[in-house]
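Work through the exercises below with the sequence and the model side by side. Try each task before reading its solution.

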Amino acid sequence: MQRHIIEKCKRNDRKAQMQLYKQYCDGMLVVALRFVNNTMEAEDIVQEAFINAFTRLDQYRQEVSFRAWLKRIVINKCLDVLKSKHQRMIELEEHHLNVVNAEYDEPWLVDDSFTIEDVKMAIDELPEKYKYVVMLYLIEGYDHKEISEILDITEVASRTQLSRGKQKLQSVLKVKQNGTRS
């Protein structure tokens, strides 16, 4: 069914494009809002992402789901918008990084007293150099290889920024829980 709709979209069938838009619009808006925190800006990003997707549908190879392919376009658009607003992430030079070994990268759990909203608000407080890696890994579910491609950083930098971001996130949540700095 999905493949059939996509084929129609490739032939510029407006009804099929609208059907695909309606199916994924709300989910992609949620993704965009995580990055830009502004509804109008997020709506513009989603609109542009769909336009890009429809004009580049011939590049979609169905190796991943359409949703995953579209989500990647939305995230890239968000990052482009943030970069254009001079909210660039601080690039870390590799020799300044403490390398985090993947096999020692322990799973991290959040105390049950925190809601998903608490965690999202805490992520928003992170420095940008950690925030996007944490969002892409913890919320969007990307692995370090994908994050490195999306953010144009090395996998080592992705692991390190995630590790540091998790530590900062734990500190922010601890402050929220205790009400004081520790």
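A crossing of two helices is left-handed if the near helix is turned anticlockwise from the far one by less than a right angle, and right-handed if clockwise. This is a predicted model, in which local features need pLDDT of at least 70 and side-chain atom pairs count only at pLDDT 80 or more, while totals for chains, interfaces and linings use all residues. Residues are numbered from 1 along each chain as its sequence is written, and side-chain values use heavy atoms, with hydrogens and water left out.

**Exercise 1. Describe how α6 and α7 cross.**

Solution. Begin with the elements: helices (H or I, at least four residues) and strands (E, at least two) are DSSP runs, numbered from the N terminus, and the protein chain has eight helices and zero strands. Next take the axes, which are lines fitted to C-alpha atoms, for helices over the stretch in contact, with angles running from 0 to 180 degrees between N-to-C directions. The axes of α6 and α7 come within 10 Å and cross at roughly 135°. That angle makes α6 oblique to α7, since angles under 35 degrees count as roughly parallel, over 145 as roughly antiparallel, 65 to 115 as roughly perpendicular and the rest as oblique. The crossing of α6 and α7 is right-handed. Finally, look for contact, meaning heavy atoms within 4.5 Å: α6 contributes Tyr132, Val133, Leu136 and Tyr137, and α7 contributes His144, Ile147, Ile150 and Leu151.

**Exercise 2. Find the buried side of α7 and inspect the ends of this helix.**

Solution. A residue is buried if its relative accessible area is under 20%, exposed if over 50%, and partly exposed in between (1.4 Å probe, protein chains only). Within α7, which spans residues 144-151, the buried residues are His144, Ile147, Ser148, Ile150 and Leu151. They lie on the same side of α7, because the arc that they cover around the axis is only 165°, taken over the directions from the helix axis to the C-beta atoms. Their cover includes α4 (66-84), α6 (128-139) and α8 (155-178). At the N-terminal end, Asp143 caps α7 with a side-chain oxygen 3.1 Å from the backbone nitrogen of Lys145. Just after α7, Asp152 has a positive phi of about 55°.

**Exercise 3. Is Gln17 buried or exposed, and which residues is Gln17 in contact with?**

Solution. Locate Gln17 in helix α2 (residues 14-36). Gln17 is buried, with a relative accessible area of 8%. Leaving aside neighbours within four places in sequence, Gln17 is in contact with Cys9, Asn12 and Phe54. For the whole protein chain, 39% of the 182 residues count as buried.

Notes
A polar contact is a pair of N or O atoms within 3.5 Å; within protein, one must be able to donate a hydrogen and the other to accept it, and residues adjacent in sequence count only if both atoms are side-chain atoms.
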